[in-house]
Amino acid sequence: MVDFTFPPPTTVTLRVAGSSARFPVGRVFCIGRNYRWAPDEAAPTQMPAWFMKPASAVVPARGMLPYPPATRDLCHEVELVVAIGRGGRDIDPGQVEARHVWGYAAGLDMTRRDLQQQAKRDGGPWEPAKAFDHGAPCTPIVPASVCGHPRQGAIWLSVNGVERQRADLSGLLWPVADLVAMLSRSVTLEPGDLVYTGTPAGVGPLQPGDRVSAGVAGIGELALVVGDAPVPASGH
Ligand code: MN
């Protein structure tokens, strides 16, 4: 028996839709800009940027979503989430769906936009803007054996009943296979990794008490209420 100095962290898990099984979450990779935000936008010539969130940021996308500290500009980004079931490196894009994708979900890449803008100005890391507690709400994972590999279908988000984001998965500038292959050329992917595939136009701020509903057609829908802003630490 291993003599741990303290109990090791428990594995973060997500429900599997229609099953009592749990999906154990490893790491969270997030893709940068991957939809056209303007109709006349030129096709990209380079693969999108990517960044990470800790598995500890992943929470079920329901109930109350705490408003995080250290921001005055919490923003929503609804995204198709890819759940990796078999890892690898230098994965052939043509093998991604058949061999490596376990399932799909709908998720929110929550963003402290003010901290992201500061990081962009200062050339600083994005973690303060992206890698915070409760920063990656996610619906139950739908096995690809059930939902297939979606090529099209609505992705949308509303706040207090007013639609803010709506696009179609066919608008992904880089498809899932290319994104997973790209990541696997940079790091060895592992079972349990999640990939948030980028958000369509319409990102915007949330206020305490806002009711957020969102979803990806055929994959999952979510409903959340934004919690109260924390009382700032003394000295501010
Ligand atoms: Mn995003």
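1. A quick word on terms before we start: rings of Phe, Tyr and Trp (its six-membered ring) pair if their centres lie within 6.5 Å, with planes under 30 degrees apart called stacked, over 60 edge-to-face and the rest tilted. By that rule the structure holds 3 aromatic pairs. This is a predicted model, where local features need pLDDT of at least 70 and side-chain atom pairs count only at pLDDT 80 or more, while totals for chains, interfaces and linings use all residues. Residues are numbered from 1 along each chain as its sequence is written, and side-chain values use heavy atoms, leaving out hydrogens and water.

2. One of the pairs joins phenylalanine 23 and tryptophan 102: the ring centres are 5.8 Å apart and the planes stand at 50°, so the pair is tilted. Phenylalanine 23 sits in strand 2 (residues 22–24) and tryptophan 102 in strand 9 (residues 101–108), 79 residues apart; strands are DSSP runs of E, at least two residues, and helices are runs of H or I, at least four, numbered from the N terminus.

3. Phenylalanine 23 is buried at 6% relative accessibility, whereas tryptophan 102 is partly exposed at 34%. Buried means under 20% relative accessible area, exposed over 50%, and partly exposed in between (1.4 Å probe, protein chains only).

4. Now the metal: the manganese ion has protein donors Glu77 (OE), Glu79 (OE) and Asp109 (OD), at 2.0 to 2.1 Å. Donors are N, O and S atoms within 2.8 Å of the metal (3.2 Å for Na, K and Ca); water is not among the atoms, so sites may look incomplete. Glutamate 77 is buried at 7% relative accessible area, and glutamate 79 is buried at 1%.
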